[in-house]
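Please open the structure in your viewer and keep the selection panel at hand, as this tour goes from one selection to the next.

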Amino acid sequence: MNIKRSASRKAGTGESASLEYSGPKLTDNLQQTLENIVTELGDAPDLKIRRVRLSGDRNVLAAAVHLSELADTTAVNEFVIGSLLDQTGEWNADTSASADTLPELILSHALNVGEAVLQEDWKEIMLAILSGDTAILLEGYSVSIVCQTKGGESRQVSESTAQLVVRGSKDSFVESVATNVSLIRRRIKSSKLRLEYMQIGTVTRTHVALMFIQETADADQVDEVRRRLAKISIDGILESGYIEELIQDKTFTPFPTIYNTERPDVVAGNLLEGRIIVIVDGTPFVLILPAVFTQFFQSAEDYSQRFDIVILMRLIRYISFIVLILGPSIYVALTTYHYEMIPTTLLINLLAQRENVPFPAFVEAMLMEITFEILREAGVRMPRVIGQTVSVVGALILGQAVVEAGIITPIMVIVVALTGIASFAIPAYNLAIAGRIIRFGFTLLAGMFGFYGVTLGLIVLVAHMNSLRSFGIPYLFPFVPLSVKGQKDTILRLPLWAMKPHRSPQEAREDRPAGTKVTSGHKENLAPQIRRKSDGDTAGGEVGQEGGWDENKS
Amino acid sequence: MNIRIGLIQFFSITLLFELGTALVVNLGLEAGKDAWLSILTGTVIGVIVFMGYAYLYWTYPKLTLTGYTRKLLGKYIGIPVSLLYIILFLNLAGRDLRDGSTMLAMATMHNTPLFIISTLMILSVAYVLHKGVEVLTRTSLVFTFIVLLIGIFCTLLLMLSGSIHLHRLLPVMEDGLRPIAAAVLQQNYMFPFGEMISFTMLMPYLSNVKKGPWVIAAAILTSGLLLSFTMALNISVLGADIVSRAPLPLMPVISKISLSDFIQRVDVFVVMVLIIGVFFKIAVFFAAAMIGISELFGLPYRRMLYPSALIILFTSMLDARNFTEHLEEGGRLLYRVYPIFVLLIPAILMVLAAIRHHRSAPRSG
Amino acid sequence: MKTRAKAAFSVLLVCLQLMFFLSLTGCWDSVELNRRAIVSGVAIDRGPNEEQKYVISFQIIVADEISGENSRGVSPVTLYTGRGRTMFEALANASRQTARFLSLGHVRVLVISEAFAREGIKGIMDVLERESDMRLTTLFFISKGQPAIDCMSTLTVFGKIPSNDLVEKLETTSKQFGYSYKMEVDDVIRGIQTIGGGPLINGVYVSGARSKADTKKNLETIEPQAIIRIKGLAVFKDDKLKGWLEGEAAAGAALIRNKIKHLPVIIKMKDGSYVSCNVYQSQVHIKAELTDPEHPVFSVRITQQAAIKESSNDLELTDPQVLKDISVKIAEVTHQQLETAIVSTQKLKSDVLGFGEVLERSHPRGWKKIRDRWSRIYATSRIEIATEAVIRHTDMRTDSFQVNKPE
């Protein structure tokens with residue numbers, strides 16, 4: 001025993017799966033197999049083994065193994081053990097006379113459970129037990145019947161907490177993949193909706209579901225997602241963020257290139273638009289990919305409100321993003337470099353405010369921004385009751401005290417508060433975070449070089465965004481490369497009738513950019529190298545290959 | 001796989017490249033009030049010259065300038081000529097860097113050392129080129145919108161503040177055609193339209209061989225119209241004399257904007273336009289040089305990026321002691337050196353290409 | 001993996017380079033607002049000798065006094081004066097007295113003393129144009145018969161900054177009841193360059209007890225002791241002041257330059273009573289004929305729209321004929337104004353009204369022949385005036401009310 005354990009530990013620390021043992025674990029000796037299971041799970045107290053003797057003419061010893069904390073105990077008792085005992089007792093000569101082996105017979109004639117399979121692979125059996133299923137072992141057979149008895153506690157479907165809407169569906173995803181899939185299936189009753197399961201994480205063996213609509217989604221993209229998911233080698237996946245980080249195109253960027261949501265209606269809408277979703281067990285946040293910049297400015301509510309109002313809202317969100325990244329930097333640049341731009345009366349006000357402030361505007365801005373970030377961070381972690389106190393203390397008292405003490409000018413408080421609020425006006429939290437980080441860079445540039453720094457920073461920022469791709473799709477699509485067709489749902493949100501709701505999958509795909517190149521890194525973004533070798537004599541001209549973008553088609 | 005750059009993006013990079021510094025400096029003012037006419041004339045010449053480049057491109061759609069130079073002139077003449085072109089592009093990038101930083105220093109950054117301004121600029125350019133030519137052209141699309149928006153905004157504000165007096169443009173052609181012709185010959189046929197030679201290095205990336213050059217020609221024409229419009233605007237706001245004495249006439253023009261004491265001194269927009277223009281101008285020359293180097297020496301594109309950036313930086317720094325000297329030298333180059341590269345060599349190449357094509361055409365078809 | 005690590009490294013390298021340069025760079029051009037002294041107005045006087053030719057006074061805003069919480073109850077602006085051989089030297093000398101950077105970005109008003117203006121203002125203009133901080137929209141004034149510094153050192157009732165008060169006065173008068181209009185730096189420069197002419201610049205002076213003007217006492221009485229007034233148009237020939245246009249002549253000049261928005265016109269009726277009108281719109285057309293190059297003939301045609309604002313007599317304003325009579329009289333008044341303006345500028349031999357430009361535009365060839373002698377030719381050239389006025393309405397009443405109106 002001891003030797004075996006140390007061996008298992010060694011195996012566990014190694015690169016391969018920890019469940020690997022030497023020698024066959026699943027034997028036709030029931031007692032031996034059960035011992036193996038107990039050993040492997042380390043005498044787990046919640047491991048329940050129920051031994052039964054099957055009545056009838058095939059008088060065989062059997063055992064049902066499950067983890068009591070994980071499995072649905074009622075299901076195990078009634079449908080597995082109950083039916084095993086009752087139904088085998090009712091077997092008559094007919095059943096006995098059939099040519100099937102006993103496990104097959106049990107599978108076909110007993111067991112009132114929806115899903116039960118024969119399993120000969122030891123690892124799979126262990127995984128099934130660890131997932132809450134029940135394994136039935138029979139004396140004399142080196143095969144197990146795995147019955148689906150997953151249970152255990154899971155959260156009820158409730159209202160979304162992260163993405164609220166005034167009008168729209170009120171359900172949200174939960175931590176269970178099965179429930180989440182059901183929420184989506186309920187919305188899209190199409191035979192084209194495809195679902196694939198895989199398990200990722202050598203230790204956690206987390207269920208990951210991949211969903212897309214056949215024909216609407218780009219087949220290459222689906223393949224690429226599958227490939228990238230398969231390539232993941234990590235011991236554990238505890239949240240969809242892990243997957244996001246491991247499969248996105250490029251890691252050196254603050255911008256998110258994969259969207260996440262906990263709203264089933266958003267997921268359903270994106271599936272219809274041909275995107276692929278990844279559901280991870282254990283988190284209500286579902287990944288949607290590919291995701292471009294404009295997508296992060298869309299809210300679920302955009303499609304339940306009137307389109308003209310939505311256009312206004314969207315504009316406000318884009319403006320908020322600009323305010324968020326440029327607010328403090330413009331203030332710093334204006335007051336320390338380009339004071340002549342400020343209207344005289346306002347300038348006098350600012351001057352009077354600044355008269356007794358000890359810090360330069362740049363330091364002041366940085367101080368206030370950092371203070372604001374601290375407050376926000378504290379507010380997020382606080383229990384809800386204290387959270388309000390913190391925000392009141394932070395926002396009102398600190399803000400006012402800081403001004404009264406003459407440390408910070410009131411206008412700076414206004415600027416910081418504005419950028420803070422602007423960051424909350426952006427529907428996607430991860431984009432807002434990106435904006436907040438960039439804001440610091442811009443403030444620095446403004447403090448050093450005024451508008452010169454800010455302008456250069458903007459160019460570099462846009463270039464950086466242009467270099468990003470999400471599963472082959474340029475991040476700034478449909479602005480760059482410009483697509484007129486693609487503008488239907490960006491800053492504008494055309495009325496639904498104009499967006500052609502009854503389009504065929506083919507048409508739907510044409511509206512989106514085809515990922516001409518699905519890339520996993522940023523190699524393809526490099527400038528091409530024209531080698532001397534490729535200088536074929538092509539006098540006369542050859543029409544270049546037409547890309548997938550609208551502009552090339554025209 | 002070669003990268004194909006869409007037509008809209010090519011249009012925008014051409015537009016920004018042409019507007020570049022030309023938008024803010026005074027252009028063709030040897031023609032006085034009629035500067036705008038000389039710009040228009042220069043545009044037409046520019047388009048004609050560009051169609052020559054386009055002919056070369058149509059003949060060798062997969063090759064860059066340095067590529068077909070070697071093909072047509074042979075290895076022993078072709079390689080030195082290609083090298084000269086690369087040096088030309090690096091030099092042009094350096095000169096534009098100097099132009100831009102000096103103008104910035106004159107306009108707002110009085111105390112900041114030129115070296116710092118230039119370094120920041122060339123580092124940003126290098127970063128964008130590090131991301132690739134495609135990223136550069138895509139970025140240009142966004143900034144074309146921004147520049148046009150600023151232009152429309154400022155024009156509207158000028159109209160609203162009542163500063164535009166069209167009669168200052170009159171009488172048109174007071175002294176006949178001669179001053180216009182002089183201005184065109186001195187400046188406008190080369191600057192900024194002659195600089196299109198750098199696009200011969202980028203054109204192999206065009207996504208559409210047939211339409212591509214036409215799109216670029218349209219962009220040249222558009223930029224010529226915009227430049228002409230801007231110059232006419234400058235003169236109609238300030239009068240020809242003040243404009244001719246201002247190195248950056250657009251700045252005082254925009255500073256005339258004053259709307260009920262709230263919107264005033266928006267000349268920082270001009271500074272922004274200047275930065276954007278200079279940026280893309282340097283970037284295009286830089287990219288042309290980089291493509292040439294990587295093609296000529298078979299080096300990876302990125303490896304030579306930062307060394308070349310250093311070369312450009314020091315070219316710009318050691319170029320001249322002051323701006324006047326720099327401009328003087330620019331004038332000389334414009335007269336004596338650039339025409340060789342912009343007109344003479346391409347013309348020779350065209351003739352050679354035509355002969356070759358003519359000879360090979362009957363055989364193949 | 002390797003390429004990714006390489007890319008990471010290069011990104012890191014770029015960042016390092018950037019940080020390196022950023023740490024090396026100070027913030028050379030960055031000036032905190034509380035290190036700035038915002039200049040709102042500048043007065044330029046002629047010093048006694050060449051060593052002190054330029055005496056420049058800067059009116060600097062004391063922001064604390066205007067909107068700060070901790071004001072000390074002192075004057076809202078302060079004045080620093082510098083002297084020097086050149087403008088820049090004077091500026092530097094004034095700057096040395098202040099604790100802060102003199103910031104010219106918000107100069108709204110520039111007043112030049114009459115003495116200096118008579119000597120020539122070219123030396124002043126260059127620095128105004130060259131300095132990137134200065135704005136071209138700064139307004140120009142000539143202080144009439146007084147040192148320019150007086151205008152900068154008079155406290156005003158409305159608005160705590162005297163320069164702003166002056167700007168606002170000009171804006172108001174240019175829109176209502178006045179012949180003064182905005183004269184900005186570039187207008188003046190173009191004016192100086194006008195062949196045979198010069199700029200027209202608004203005059204300004206301080207009326208009342210000037211000795212008390214710069215203390216708060218000026219504002220303590222209901223009627224201010226001293227008031228800044230805008231009056232008269234200074235006529236320049238090239239860059240030198242030649243004379244003043246006032247009253248009718250000034251109004252006429254502004255009319256010809258087409259700068260007037262509202263102008264009150266008072267006409268005397270036959271019975272000795274007065275009717276007041278307000279001219280809303282004037283349209284001016286100037287045509288030039290150059291049959292004889294030495295004697296160009298100009299015709300000025302002006303069409304005006306007016307409304308009756310006051311008529312306390314018994315005129316029957318419902319009668320179109322009466323309105324017609326009045327409009328003829330308005331036209332006569334306008335004619336008189338224009339004529340005075342033209343005659344006085346001809347006397348001063350300065351084409352401030354811009355007839356030369358008209359000639360240049362319509363007869364560029366002929367203009368070239370006479371441009372060198374233009375100021376002399378202008379003084380003798382014939383200018384025909386045709387005026388026309390239309391009364392649009394009589395405002396809120398027709399006839400005036402009468403005492404014991406006969407049945």
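Leaving aside its neighbours within four places in sequence, which residues is Ile326(C) in contact with? Select Ile326(C) and you will find it in contact (heavy atoms within 4.5 Å) with Ile267(C), Met269(C), Cys277(C), Ile308(C), Leu315(C), Leu317(C) and Ile391(C). This is a predicted model, in which local features need pLDDT of at least 70 and side-chain atom pairs count only at pLDDT 80 or more, while totals for chains, interfaces and linings use all residues. Residues are numbered from 1 along each chain as its sequence is written, chains are lettered from A and ligands numbered from 1 in the order in which they are written, and side-chain values use heavy atoms, with hydrogens and water left out.

Next, select Tyr181(C), which sits in the loop between helix H7 (162-175) and helix H8 (185-193) of chain C; helices are DSSP runs of H or I with at least four residues, numbered from the N terminus. Tyr181(C) is buried, with a relative accessible area of 5%, where buried means under 20% relative accessible area, exposed over 50% and partly exposed in between, with a 1.4 Å probe and protein chains only. Leaving aside neighbours within four places in sequence, its contacts include Leu170(C), Ser174(C) and Arg257(C). From Tyr181(C) to Leu323(C) there are 142 residues in sequence and 30 Å in space, C-alpha to C-alpha.

Finally, select helix H17 (residues 451-467) of chain A together with helix H4 (residues 114-131) of chain B, where Tyr452(A) and Leu456(A) are among the residues of H17(A) that meet H4(B).

Terms used. Helix = DSSP H or I, 4+ residues; strand = E, 2+ residues; numbered from the N terminus.
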